[in-house]
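Me: I'd like to go through the labels used for this model and see what stands behind each of them. Could you take me through a few?

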Amino acid sequence: MMRRRLPSLIALRAFEAVGRTGSVRAAGDELAVSHTVVSRHLQNLQKFLGVALVRGEGRGVILTEAGVSFHAQISQAFDIIARATTAARPSSLPTLNIWCIPGIANRLLLSRLPELTGPPRNWEVNLQPTLTHPDLSRAEADAEIVYADVIDSRGPLMSEILVRPRVFPVASPAYLARYPAITSLEDLSQIALIHEESTMQWTRWFELAGLDDLPPLRGQRLWHAHLAIEAARLGQGVALANDVLVEEDLRSGALVEVITSSVYMETYQLVALKERWDDPAIVALRNWLKQVLAELE
């Protein structure tokens, strides 16, 4: 009996991620490939099937009617594979799968991971920096660390605020030596700032800081906060940062707070399923995160 010809598994993973996130770019971040690679996988899959699965809408994509039906079945297939993999894998060491906003993962938690992976716990920890939110009910992760205002706890999720850091502008000493006249919010709003994907964060920060008449903001746009902070360290301009992300840089003198302010925005939160909130691994993770963040205060 001939085996049925199947589409590329990589293309199916790309399609599943796009359908779940509603974004080619977010799917690329999750799969650790560029959005152009994801787009090519989608094109190849649609060509293989001979049917349109997605269509563009605004800055994202949505599934066609055929895409919705196909995505539901593909998602079930991946769930079956995930369960089979879990059942087949030896359980000699507990594994903790954590999805985390990239800034805090790269700039703080990565260096402290041996505290979880070493004695006495000896866990296997998978820390995945990503802006994509895992489907915790499908066991895509055990927990998630986010930077957000409010987590909807009416459903299956529970969250706990870990810290609400102060947010402030930073730059390198070399940059400030070239632009010594930045002494007010008005001065700051006139220079080329370092943004994340859009000017939204800076706009909101200026409003909270008390600048009412905000001019159009200028400056380069990068993917996320940790890239903006790195660009500031390299002397490319002024970036928004917080106590969690730049505590070490401020202490070493690599970055300097540009002007004094007292602005607080989102909070870092740990998110997990309500049914798993009191699991020993989740409790240990919460306690470890609180300890790490408390040391910054």
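Reply: Happy to; we can start with the whole chain and then turn to single residues. Please keep in mind that this is a predicted model.

Me: What does the protein chain contain in the way of helices and strands?

Reply: The protein chain holds 12 helices and 12 strands. Its C-alpha trace spans about 80 × 50 × 35 Å along the principal axes.

Me: Why is Ser189 called buried?

Reply: The label buried applies under 20% relative accessible area. Ser189 has 4% relative accessibility, so Ser189 counts as buried. This residue belongs to helix α8, residues 185-190. Beyond its neighbours within four places in sequence, Ser189 is in contact with Phe206, Leu211, Leu214, Pro215 and Leu217.

Me: And what makes Asp212 exposed?

Reply: Here the cut-off is over 50%. Asp212 reaches 77% relative accessibility and therefore counts as exposed. You will find Asp212 in the loop between α9 (200-209) and α10 (225-233).

Me: Which residues form the negative surface patch?

Reply: The patch is made up of Glu186, Glu207, Asp212 and Asp213.

Me: Why can this patch be called negative?

Reply: Asp and Glu count as negative. The members are Glu186, Glu207, Asp212 and Asp213, so the patch is a negative one. Over the whole protein chain there are 29 positive and 34 negative side chains, with the centres of the two sets 9 Å apart.

Me: What does Thr130 touch, leaving out residues up to four places away in sequence?

Reply: Thr130 touches Glu30, Trp99, Cys100, Ile101 and Pro102. Glu30 is 100 residues from Thr130 along the chain, yet their C-alpha atoms are separated by 6.2 Å.

Me: What share of the contacts in the protein chain joins residues at least 24 apart?

Reply: Counting contacts between residues at least 6 apart in sequence, 74% join residues at least 24 apart.

Note on methods
Residues are numbered from 1 along each chain as its sequence is written. This is a predicted model: local features need pLDDT of at least 70, side-chain atom pairs count only at pLDDT 80 or more; totals for chains, interfaces and linings use all residues. Side-chain values use heavy atoms; hydrogens and water are left out. Patches are made of residues with over 30% relative accessible area and no salt bridge: like charges are joined within 9 Å, nonpolar side chains (Val, Leu, Ile, Met, Phe, Trp, Tyr) within 5 Å. Accessible areas come from the Shrake-Rupley method with a 1.4 Å probe; for residues, only the protein chains shown count as cover. A salt bridge is a side-chain nitrogen of Lys or Arg within 4 Å of a carboxyl oxygen of Asp or Glu. The place of a charge is taken as NZ of Lys, CZ of Arg, CG of Asp or CD of Glu. Helices (H or I, at least four residues) and strands (E, at least two) are DSSP runs, numbered from the N terminus. Buried means under 20% relative accessible area, exposed over 50%, partly exposed in between (1.4 Å probe, protein chains only). Contact means heavy atoms within 4.5 Å.
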